[in-house]
Amino acid sequence: MNGGNNMTSRIAWLLGLLLYLAACATFDDEGGPAPAKLTPVVIVDPPTRPGAPTLLLAMPTSPNFVEVRKGLLSEVQKNFNVSTFAVGPETKATDLAAAIEATKPACVVLMNNTTIALYRQVQAAAPTAPMPPAILMMASFLEEVQTHIRRSTGIAYEVPGVTAFVHLRSVITTPINRVGVIYRPAFGKFVERQKVLAAKENVEIVPLSVANDVTAAGLRDAIHKLAKDKKVDAIWMLNDNALVRDQEFIDEAWRAETADAKLPLIVGVSNFVEPNSPLGTLAIVPDHEALGLQAANLIFDLSDNGWQVESHAVELPLSVRTVVDVKLVQANFGLQTDALKHIDKALE
Amino acid sequence: MNSFHRPHRHASRLLAWLVLGVGLLQPYQPLQNAAAQGGKPVVQVFLQLDAKSSVVEKTLQDRLPDLAVTVFGRFRDFEDGLANGHPDAVVSITPVLQQRGKTASLQGQRGGKGSEPYVLASVNQPLDGPLTGKTIGVVDLLGRDGTQTFLNGLLKATDMKIKRVAKIEDLLPLLEFSAADGIVLPSSMLARLLERTRLAIKTKDLPGAPVGLTAVAVLNPAVRDVVVKSFQKLDGPTKQLLGIDSWSVP
């Protein structure tokens with residue numbers, strides 16, 4: 001049991017790292033994926049309004065977290081005081097506890113796995129103390145993580161497969177009815193949930209499990225099996241570090257086999273869409289500012305409902321940005337009429 | 001007595017000059033902004049259309065070379081733009097202009113009408129009956145309170161929960177994830193929704209009045225002619241992109 005939990009934790013950390021990198025990948029002005037920007041941003045909270053309840057935002061200060069904060073702040077600042085607690089590598093649980101004690105928030109918003117882990121330590125150190133309601137965001141495996149945090153709900157960070165499939169359908173002309181996904185055992189529950197959602201849009205997810213230590217050759221075999229035996233129409237690459245561990249691994253497994261299979265590949269990192277070295281056909285990434293609006297909606301809902309967080313299930317992210325390798329689409333899958341009107345970044 | 005009043009008189013004179021100065025400067029503020037944009041009148045656009053705002057912006061910039069056009073896809077960005085950009089003209093749907101106290105100088109029309117009905121879309125069956133406790137998704141057009149009021153007017157109801165989304169395409173996930181019982185959208189956007197989804201979408205016409213289509217409000221009278229003429233000259237496909245097929249002068 002513990003071993004299973006440890007494995008889940010380790011995978012969550014690895015996935016968290018990948019999601020963090022995905023969160024740091026930004027769009028540049030030229031239309032191409034920009035390198036990760038990790039420079040912290042100086043954050044200034046709005047002036048305090050006497051009598052207004054306080055929201056404590058505990059978060060890293062890299063650009064995409066700041067983007068979420070921007071979207072959130074623009075919605076809530078008329079109703080709440082906002083206090084931002086920057087979380088960095090040196091931050092300790094006691095620092096977070098002190099920030100909570102000092103601000104006495106009506107609600108805490110915790111962004112990323114590290115921040116949530118610190119808050120979990122805060123709760124563990126005071127197991128019977130009353131805790132403010134918590135909203136968890138921008139963290140991997142949120143549905144699982146949330147069960148360990150008292151008085152919490154949140155918004156998942158992984159973009160649901162169904163969102164990606166619907167977008168892919170609106171970009172390419174080849175039909176998308178069966179989508180293959182390769183996953184490691186720890187992702188089993190996640191994939192099961194995705195199957196249910198995808199079925200609503202008449203997409204069948206065809207899952208294929210691989211070992212935790214899958215090799216490039218093993219992964220290549222799995223992709224080949226999905227393409228040739230299972231006859232899938234597209235492949236969905238999960239944001240799992242072990243399946244995209246480094247450039248060599250990606251080249252040997254994903255790039256080689258998907259090029260051979262001539263299947264559209266859906267990815268969750270915009271940098272994987274690169275017409276000069278084709279890999280991903282479509283990248284679907286969270287729209288961070290819109291995620292802030294979604295979080296604000298959640299905060300208002302909870303506030304109106306007496307902060308009954310326990311009765312509020314973890315939400316799925318509603319808004320995404322799309323990056324498409326148009327050259328690859330035109331060459332292999334056909335571009336839908338008007339598709340370019342609906343793409344955030346069309347790369348050629 | 002004199003010595004007592006002198007500073008007061010000086011202060012009054014200074015105040016009078018300040019008031020006069022502000023009065024003189026105020027009407028020219030938009031012109032200063034236009035000059036800052038290479039002399040072109042500044043036009044800000046906020047519309048929810050069947051295209052990304054970047055596509056709409058590029059198209060309008062190409063087709064309206066005499067204007068400096070910025071297109072906002074989200075309400076909050078539009079709000080910031082209005083506050084800080086001091087536009088000479090604003091393009092949006094009528095309720096957005098009305099909320100800001102702006103009057104349309106040009107009203108877009110489609111099929112001879114300047115407004116369109118909105119619909120309530122849901123999955124499997126129309127959302128009939130009272131909406132008490134139901135969650136309804138809608139694009140954030142007017143901020144939290146403004147959008148709630150707008151929706152109350154459209155639905156002729158006040159007791160439902162509202163879920164605002166940033167963009168029109170974010171409405172579909174609300175239905176896919178069962179995060180809302182229904183979504184409200186312009187009837188002209190229904191075709192695109194049905195094209196994207198295989199959910200069994202059912203719709204219901206809303207009891208509220210139809211909503212005004214794209215309109216242009218000129219805020220700076222000095223540039224009225226150039227703005228109005230530029231928009232009137234737009235070609236058919238661009239007008240179609242804006243959700244209209246002609247203009248009328250109210």
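## Strands and the model

Two strands pair if DSSP finds at least two bridges between them. Helices (H or I, at least four residues) and strands (E, at least two) are DSSP runs, numbered from the N terminus.

This is a predicted model, in which local features need pLDDT of at least 70, side-chain atom pairs count only at pLDDT 80 or more, and totals for chains, interfaces and linings use all residues. Residues are numbered from 1 along each chain as its sequence is written, and chains are lettered from A and ligands numbered from 1 in the order in which they are written.

## The sheet of chain A

A:Ile235 stands opposite A:Leu265 in β11(A). In chain A, β10 (residues 234-236) and β11 (residues 265-267) run parallel and are joined by 2 bridges.

Both strands belong to an open sheet of 7 strands in chain A, ordered β9-β8-β10-β11-β12-β13-β14, with mixed pairing. At its edges stand β9 (204-209) and β14 (345-347) of chain A. Each has a single partner strand, so one side of each lacks a neighbour in the sheet. Neighbouring strands are turned by 20° against each other on average, direction ignored.

## A helix on the sheet

Helix α6 (residues 161-171) of chain A packs on this sheet. The strands of chain A that α6 touches are β8 (178-183), β9, β10, β11, β12 (282-286) and β13 (320-325). The direction of α6 makes about 135° with that of β12(A). Such angles run from 0 to 180 degrees between N-to-C directions; axes are lines fitted to C-alpha atoms, for helices over the stretch in contact.

## Where the chains meet

Chain B gives 23 residues to the contact and chain A gives 20 residues. Two residues are in contact if their C-beta atoms, placed from the backbone, lie within 7 Å. On the side of chain B that touches chain A, β8 (161-165) and α7 (171-176) of chain B each supply at least two residues. The largest share, 4 residues, comes from α7(B).
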